[in-house]
Amino acid sequence: MLNDAGKDCRPTMRAGGLGGTRRARTAVAAKAFFRFVGWSSHQAANASRWAAVREVTIKQYTEDHIMFKQLLQNSLAILRRPTIKTFQEINIDNWRWAFVYLAIGQVVAILIGMITNILQAPAREQQRLELMQRFGQSGFTALLSNIQNPLFTVVTGFFGILLVAFLWVFLPYWLGLAFGGSKSFGSFAYNNSLFITPLTILDSLLALTLSGLLGGLFLFLSLSLDAIRFYFVYVNLQATMSLSKGKSAIVILIPVILAVVLFCGLIVFFSMAMVSR
């Protein structure tokens with residue numbers, strides 16, 4: 001059909017016409033409906049805009065739900081079969097979701113830590129009183145009192161997120177690059193988050209159930225979980241960054257030494273705090 005100017009005036013299939021994208025069709029239908037019921041053009045435009053926003057929100061929620069479900073499935077796959085082939089089969093390059101997953105695990109660990117403090121408060125108070133009778137007021141007894149403060153748990157949990165990201169993600173990746181590994185930070189961080197997050201939560205659950213009664217067993221199991229983490233990072237270096245076994249072992253050895261030094265430093269600190277007045 002031609003108009004007076006000789007141009008085709010038939011309806012087009014663009015977003016603003018009869019066809020177009022689903023979002024555009026939804027907005028046009030909403031605007032037409034609200035005009036039909038007597039709303040002004042401004043009100044109809046706002047209604048159609050909110051309809052489009054609602055559709056985008058639902059779409060984003062669906063995508064996030066699918067991504068989180070995939071994270072859980074991949075975590076189970078890694079924990080069941082921590083091999084180079086399993087890491088390579090995942091093949092997801094998404095560092096943002098990696099740190100979201102790590103943050104979720106740390107928040108859950110903080111909440112479990114608060115519950116642990118509440119349940120173990122009487123035992124820790126008794127321990128503090130016994131230490132005060134034997135050694136007097138010291139930095140260690142003051143630390144036992146501060147541990148019960150929820151703010152202390154939140155602050156240490158926040159620094160725990162930074163420590164986890166540095167020790168288990170950034171440091172091994174930078175060292176891997178230094179030894180000739182391929183640049184694949186998104187995949188490396190994503191794969192590491194798949195086992196770091198569940199093992200972090202498991203460590204906090206062990207603290208909840210064992211640290212008050214069987215402190216020695218808890219310490220052994222907690223250190224065992226650290227060894228498992230280092231092994232998984234060792235495998236991931238080979239799978240994601242294409243490092244050899246020897247180079248991967250060297251890369252892992254450096255964080256292990258740092259972790260041992262940090263652990264020994266904490267022992268020295270607590271020992272000095274116990275005897276200081």
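## Salt bridge between Arg 81 and Glu 89

Arg 81 has a relative accessible area of 41% and is therefore partly exposed. In this predicted model, Arg 81 pairs with Glu 89 in a salt bridge, with 3.9 Å between the closest N and O atoms. Glu 89 is also partly exposed, at a relative accessible area of 48%.

The whole structure holds three salt bridges. One of them joins Arg 229 to Asp 203, with the closest N and O atoms 4.0 Å apart. This pair links distant parts of the chain, as Arg 229 lies in helix 8 and Asp 203 in helix 7, 26 residues apart. Both of these residues are buried.

Arg 229 also meets the side chain of Asp 226 in a salt bridge, at 2.4 Å from N to O. Asp 226 and Arg 229 are three residues apart in helix 8, so about one helical turn separates them. Asp 226 is partly exposed, with a relative accessible area of 23%, while Arg 229 counts as buried because its relative accessibility is 4%, under the 20% limit. Through shared partners, Asp 203, Asp 226 and Arg 229 form one network of salt bridges.

## Helices and their packing

The chain has nine helices and zero strands. Of its 277 residues, 35% are buried.

Helix 7 (residues 185-210) and helix 8 (residues 215-240) have axes that come within 10 Å and cross at roughly 175°, so helix 7 is roughly antiparallel to helix 8. Their contact has 15 nonpolar, eight polar and two charged residues.

## Nonpolar surface patch

Leu 151, Val 154, Val 155, Phe 158, Phe 159 and Leu 162 form a nonpolar surface patch with about 570 Å² of accessible area together. Leu 162 belongs to helix 6 (residues 150-178) and is partly exposed, at 45% relative accessibility.

Notes. Residues numbered from 1 in each chain as written. Predicted model: local features only at pLDDT ≥ 70, side-chain atom pairs only at ≥ 80, totals over all residues. Heavy atoms only, no water. Patch = residues over 30% accessible without salt bridge, like charges linked within 9 Å, V, L, I, M, F, W, Y side chains within 5 Å. Areas by Shrake-Rupley, 256 points an atom, 1.4 Å probe, with all protein chains shown as cover. Helix = DSSP H or I, 4+ residues; strand = E, 2+ residues; numbered from the N terminus. Buried < 20%, exposed > 50% of the residue type's maximum accessible area, 1.4 Å probe, protein only. Axes fitted to C-alpha atoms, helices over the stretch in contact; angles between N-to-C directions. Parallel < 35°, antiparallel > 145°, perpendicular 65-115°, else oblique. Nonpolar A, V, L, I, M, F, W, Y, C, P; charged D, E, K, R; others polar.
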